[in-house]
Amino acid sequence: AADDERPSSLFFDSVHVLSESFVSAMANSQKVDLMNLGQHCSASSCRRLDFLPFKCEKCQKTFCSNHRQPTNHSCQNAEEGDARVPICPLCNQMIIKGRNDDVNVQVDRHIMSGCRDLVVQATKDRVRCAKKNCRQIEPFPFTCLKCRRKYCVRHRHYQDHACVV
């Protein structure tokens, strides 16, 4: 027997018949229509059928994984509501910017002020754990539901800080 010939066996023939009957039964089924699964990419140069398509948040169109980013499909609404925070190239500080403000204009204003204006202020809302002898300082402390005091991750449960209430 030649190496390129398919071995003749009852197993392979029955699998082939089963798979053909399964495919034809599924294609003719009224309940499940597998032929209409997925959506075509909205990029005019692509139009690929994608079974897990992405919806652009800016233009609400459907795209494949290659064109899901607004920059990859030349989205017309990409600049609307840009929420990125610009960073000054001179002082490396974050610059305040509204949703519809131009990034370049805000950076120019900041630089013209000598890197003093439009700087995002860091919050100083760090709280020390209320457990006696614990020196942990938490930016996001846990509040005990029983005693209403603020604790670190280690002492967040009332059993861990010996809650007296």
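How many disulfides does the structure hold? The count is 0. Keep in mind as we go that this is a predicted model.

C91 belongs to no disulfide, and its nearest cysteine sulfur, that of C88, is 3.6 Å away. C91 is partly exposed, because its relative accessibility is 26%. Now turn to C129, which is in no disulfide either: the nearest cysteine sulfur, that of C152, is 3.7 Å away. C129 is buried, with a relative accessible area of 6%.

C129 also leads us to our next stop, the nonpolar cores. Which residues make up the largest nonpolar core? There are 7 residues in all: C129, C134, C144, C147, Y151, C152 and C163. Find C147 in that group and look around it. Once neighbours within four places in sequence are left aside, C147 is in contact with H161, C163 and V165. Another core, of 6 residues, lies apart from the largest one, and C41, A43, C56 and C64 are among its members.

Next, let's follow the backbone into two loops. Most residues other than glycine have a negative phi. With that in mind, have a look at R47, whose phi is positive, near 60°, although R47 is a residue other than glycine. You will find R47 in the loop between β1 (39-40) and β2 (49-50). With a relative accessible area of 46%, R47 is partly exposed. Q60 is not a glycine, yet its phi is positive too, at about 65°. Its place is the loop between β3 (54-55) and β4 (62-63). Q60 also counts as partly exposed, at 47% relative accessibility.

Our last stop is a helix. Q106 sits in helix α2, which covers residues 103-112. Is Q106 buried or exposed? Q106 is buried, because its relative accessible area is 5% and the cut-off for buried is under 20%. What does Q106 touch, not counting residues up to four places away in sequence? Its contacts are I95, I96, K97, D101 and L118. The side chain of Q106 also makes a polar contact of 2.9 Å with the side chain of R109.

Definitions and conventions
Residues are numbered from 1 along each chain as its sequence is written. This is a predicted model: local features need pLDDT of at least 70, side-chain atom pairs count only at pLDDT 80 or more; totals for chains, interfaces and linings use all residues. Side-chain values use heavy atoms; hydrogens and water are left out. A disulfide is a pair of cysteine sulfur atoms within 2.5 Å. Buried means under 20% relative accessible area, exposed over 50%, partly exposed in between (1.4 Å probe, protein chains only). Helices (H or I, at least four residues) and strands (E, at least two) are DSSP runs, numbered from the N terminus. A nonpolar core is a set of buried Ala, Val, Leu, Ile, Met, Phe, Trp, Tyr and Cys residues joined through side-chain atoms within 4.5 Å. Contact means heavy atoms within 4.5 Å. A polar contact is a pair of N or O atoms within 3.5 Å; within protein, one must be able to donate a hydrogen and the other to accept it, and residues adjacent in sequence count only if both atoms are side-chain atoms.
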